[in-house]
Amino acid sequence: MTRVKISLCLMLAMVCVSVFSGIWVNERCTSLSEQAEKVCAAFEKGDSEKAAAEAEQLERQWEGVRAKAAVLLKYDKLYEIDRIAARAPYLAIQRSDELLPQMSELIHMLAILKENETPFWNSVL
């Protein structure tokens, strides 16, 4: 009977960690997407200084998320997002036309990550 209790406790702990990590990833992806949209809005208005500042804030925000997300997620899911977030401030400073497509790709990747990490009963159990 003790083995059954230990197994149930372990399974419950795994389900709780899975639900917590899914909720945490969803919140962070939403926040990062909003920040990327701020970068796009500032760049489209022609305010490259504000776009660069927003892009730097996006990069700092991503660095904080990545440090914790690397524990919860496979790193290959984070690699491309990391690359785009790192390039964003430089593209904004250079007023590169490549910034908007990169931000669009970042928003799309974050949406995919968010969707994949949403805790559903079939993914948790």
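Arg28 is partly exposed, with a relative accessible area of 30% (partly exposed falls between buried, under 20%, and exposed, over 50%, using a 1.4 Å probe and protein chains only). The side chains of Arg28 and Glu27 meet in a salt bridge, with N to O at 3.5 Å; the term means a side-chain nitrogen of Lys or Arg within 4 Å of a carboxyl oxygen of Asp or Glu.

## What you are looking at

This is a predicted model, where local features need pLDDT of at least 70 and side-chain atom pairs count only at pLDDT 80 or more, while totals for chains, interfaces and linings use all residues. Residues are numbered from 1 along each chain as its sequence is written, and side-chain values use heavy atoms, leaving out hydrogens and water.

Searching the whole structure turns up four salt bridges. One of them joins Asp82 to Arg66, with the closest N and O atoms 3.3 Å apart. This pair links distant parts of the chain, 16 residues apart: Asp82 sits in helix H3 (residues 75–93) and Arg66 in helix H2 (residues 48–72). Helices here are DSSP runs of H or I with at least four residues, numbered from the N terminus.

Asp82 counts as buried at 15% relative accessibility, whereas Arg66 is partly exposed at 22%. Glu63 joins them in a network of salt bridges.

## Within helix H3

Arg83 and Glu80 lie three residues apart in helix H3, about one turn. Their side chains form a salt bridge of 3.0 Å, N to O. Arg83 is partly exposed at 28%, and so is Glu80, at 29%.

Technical notes
Helix = DSSP H or I, 4+ residues; strand = E, 2+ residues; numbered from the N terminus.
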